[in-house]
Amino acid sequence: MLRKCGVSAAAHLYRRSIQKNLYIGREESLYSIFSCRSHSNVAAAAAVHPTTHSHETSSSTKTEVNLNKMFWAKPCSLALSSDSPFRVDDPKYEGFKHTVMKLLLFYSKQSRSIRGANVVYQRIISQIDKPAIYDVFSLEKNFKTTFSLLILHMWFCLHRFKQEGKEGVEFGQYLYEIYNHDVELRVSKAGVNLLLITWMKDLEKIFYGNIVAYDKAIAPEAKQDELQIVLWRNIFSDDGSSKPSGAGLLAVQAMSRYVRMESTCMSLTDKEALFSGNFQFTSLKNLKPDTEGLQK
């Protein structure tokens, strides 16, 4: 009983500490997931990506990026520095409060893992809910696209955690449970209350199917264009076609480089930063014309 109470108390304290930062957006109706296959709105001109989010940019300007020159920079660790304002560290209790929190198992391995997994998920949500990723790759922001990007960034983390063996796999399970709860909330907010269990089972199949596909596409024995094909099918494809063409090809090639770079960056990020959530995905905002590489 004490163990369960301790874990519950730890999770509750964590949720209160980051409640202001963790945003779960209101999505479009889940009906759009299966009523049409369209995920994206690739620009007619391959190198010009109009910014459609008026709350971040003025209506008279457009963001132009040259996809051919993006994501060629040398990968590096994504860990946050010790003095970064974006760090999320455990509160330091002293005296009687420290004793009480210790009795409540606030400092247990399980409690620390739950708090760390929550921070990791916050990093994922921050990356896929911002307009920048949709602007750069000319993606339409709807439930289906957001869900596909959410799976991709979950894969970044789960793929990296597996490199830490059993401990990483266990940590990944905490992350998955948080993800699953968030997806259920998003589906409910999209207006789907009837047959919710059925919807969740369908989304679970999509999740695992995508995870397996990314693992295969990133493997050393994979074909050169396999990752591009997987990304096209999972995120970009308008009509279910297996291979990209035209302007869509440039966008999916750029995302393929982004995926490979971010995956390598995750591998270069130390275990402590990963398990505490004190890392940050590469920023995609404030890109300038002909930007070369990634802006950190």
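A polar contact is a pair of N or O atoms within 3.5 Å, where, within protein, one atom must be able to donate a hydrogen and the other to accept it, and where residues adjacent in sequence count only if both atoms are side-chain atoms. The model is predicted, with local features needing pLDDT of at least 70 and side-chain atom pairs counting only at pLDDT 80 or more, while totals for chains, interfaces and linings use all residues. Residues are numbered from 1 along each chain as its sequence is written, and side-chain values use heavy atoms, with hydrogens and water left out.

**View 1. R115 and the backbone of F106.** A polar atom of the R115 side chain lies 2.7 Å from the backbone oxygen of F106. R115 belongs to helix α4 (residues 109–129), helices being DSSP runs of H or I with at least four residues, numbered from the N terminus. R115 counts as buried because its relative accessibility is 4%, buried meaning under 20% relative accessible area with a 1.4 Å probe, protein chains only.

**View 2. Helices α6 and α7.** The axes of α6 (residues 143–161) and α7 (residues 165–189), lines fitted to C-alpha atoms over the stretch in contact, come within 9 Å and cross at roughly 165°, which makes the two helices roughly antiparallel, a term for angles over 145 degrees on a scale from 0 to 180 between N-to-C directions. Residues of α6 including F147, L150 and M154 meet residues of α7 including V169, L175 and Y179, contact meaning heavy atoms within 4.5 Å.

**View 3. F236 in helix α9.** F236, found in α9 (residues 226–236), counts as buried because its relative accessibility is 0%. The C-alpha atoms of F236 and S148 are 9.4 Å apart in space, although the two residues are 88 apart in sequence.

Definitions and conventions. Buried < 20%, exposed > 50% of the residue type's maximum accessible area, 1.4 Å probe, protein only. Parallel < 35°, antiparallel > 145°, perpendicular 65-115°, else oblique.
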